[in-house]
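Please look over the sequence and the structure shown below before reading on. The report that follows takes up a few of the places where a chain and a ligand can be examined.

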Amino acid sequence: MKILITGGSGLLGGKIAELAQARGDEVFSGYAHNAPVFGKAVKFDLLDWPGISETIMRLKPEIIIHSAALTDVDRCERERELAYKINVEGTRIISEASKKAGSFLIYISTDYIFDGSRGRYKEGDDPHPLNYYGLTKLLGEGFCDGCIARSSVLYGSRPASGKVNFALWIINSLRSNQTIHVVTDQFITPTLNSSLAAMVLEVGERQLNGTYHLAGASRISRYDFARTVARMLDLDLSLISPCRMEDMKWAAKRPMDSSLDTAKAAKQLEEKPLSTEQAMQRLKREWI
Ligand SMILES: NC(=O)c1ccc[n+]([C@@H]2O[C@H](COP(=O)([O-])OP(=O)(O)OC[C@H]3O[C@@H](n4cnc5c(N)ncnc54)[C@H](OP(=O)(O)O)[C@@H]3O)[C@@H](O)[C@H]2O)c1
């Protein structure tokens, strides 16, 4: 299959490109600043709207996986105009070009479209974002007539797009004997990038329309997740210090419990959402 991945240098996009290339797909990896490792690198800046349309019409991919976004939640809060241009307008242009090119569009969205007052959100639950990042991602969903794949706190074995992810931050800090402060009152469904990448590729292959919660299968606090990571990698648990969300100096509000219910994906997909323990076992294997 011919696949265009936006954000091919990112934590998720890079892993999708790696898996798709390994199984023989023709992969084009879009990027803005950091050259992707897998797939054919294609400059694809979400601020260059004529360039987006031109690239999609030239490549005419069977599948477009739109993973690129301004993902820094606090930056989106401070730089709203930029966040709107990238996450909303960029997505609108991709969606329009995708329809013209006859491509199947998968839009990667987020648990942050929910306010976190309840948790274990199902696909049909009402969105109510607490921050600007969540709002821009929700507005982006409105343009997509293919598949909307929502996920939650991604992690993986390698840095991507010049950034360290949540699990790597925990591992690197504990390995260098640094104490870390992790919130006990924020609940998530952390998601291993390779697990999500495999689910997204299956959705693309089967051209499944509609909304799917593609995330880890375990609802867990960030603090307990950090302890699970430490326990499974034989790291020093005493370096993990509990704190509360109110102690954090965040520019953007965060939902308290944005965990996603992944029952639909577990029922319909061959690639099942993984529990935290299953995902950590896989992460350990990927490390080697
Ligand atoms: N990370 C999470 O915890 C999380 C949770 C739920 C949902 N999501 C969603 O999942 C998707 C992937 O997230 P991720 O963590 O893999 O992202 P990431 O590692 O932060 O990477 C972001 C990607 O977006 C690209 N990008 C940023 N600005 C761009 C621009 N102006 N034009 C084109 N590309 C641009 C980056 O390209 P360069 O490297 O070239 O700048 C990079 O490839 C996003 O849509 C995000 O909203 C993420």
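Which helix gives the most to the lining of the second largest pocket? That helix is α1 (residues 11-22), which supplies four residues; helices (H or I, at least four residues) and strands (E, at least two) are DSSP runs, numbered from the N terminus.

The model is a predicted one, in which local features need pLDDT of at least 70 and side-chain atom pairs count only at pLDDT 80 or more, while totals for chains, interfaces and linings use all residues. Residues are numbered from 1 along each chain as its sequence is written, and side-chain values use heavy atoms, with hydrogens and water left out.

**Pocket and cavity**

The second largest pocket has a volume of about 330 Å³. Among the 19 residues that line this pocket, Gly-14, Glu-18, Phe-38, Arg-158 and Pro-159 are the closest to its centre. Its lining divides into seven nonpolar, eight polar and four charged residues, where Ala, Val, Leu, Ile, Met, Phe, Trp, Tyr, Cys and Pro count as nonpolar, Asp, Glu, Lys and Arg as charged, and the others, Gly among them, as polar.

Both terms rest on a 1 Å grid over the protein atoms alone: a cavity is a set of points where a 1.4 Å probe fits but cannot get out, a pocket is an open set with protein on both sides within 12 Å along at least five of seven lines, and lining residues have an atom within 4 Å of a point. Grid points are joined across faces, edges and corners, and a volume is the space filled by probe spheres set on the points.

The structure holds one cavity of 30 Å³ or more, and about 30 Å³ of space lies in the largest cavity. Its lining includes Tyr-155, Pro-190 and Ser-195, and β10 (191-192) and α10 (276-287) each supply at least two of the lining residues. By type, the lining of the largest cavity has six nonpolar residues, five polar and no charged.

**Helix α7**

Ser-195 also belongs to the buried part of α7. This helix (residues 193-206) has 14 residues and reaches 20 Å from its first C-alpha to its last, close to the 20 Å expected at 1.5 Å a residue, the expected span being 1.5 Å times one less than the number of residues. Of its 14 residues, 12 are buried, where buried means under 20% relative accessible area, exposed over 50%, and partly exposed in between (1.4 Å probe, protein chains only). After α7 comes Gln-207, with a positive phi near 50 degrees.

Most residues other than glycine have a negative phi.

**The ligand**

A polar side-chain atom of Tyr-133 lies 2.6 Å from an oxygen atom of the ligand, and an N or O atom in the side chain of Lys-137 is 2.7 Å from a ligand oxygen atom. For Leu-11, a backbone N or O atom lies 2.9 Å from an oxygen atom of the ligand.

Note on methods: Polar contact = N/O pair within 3.5 Å; in protein donor to acceptor, adjacent residues only side chain to side chain.
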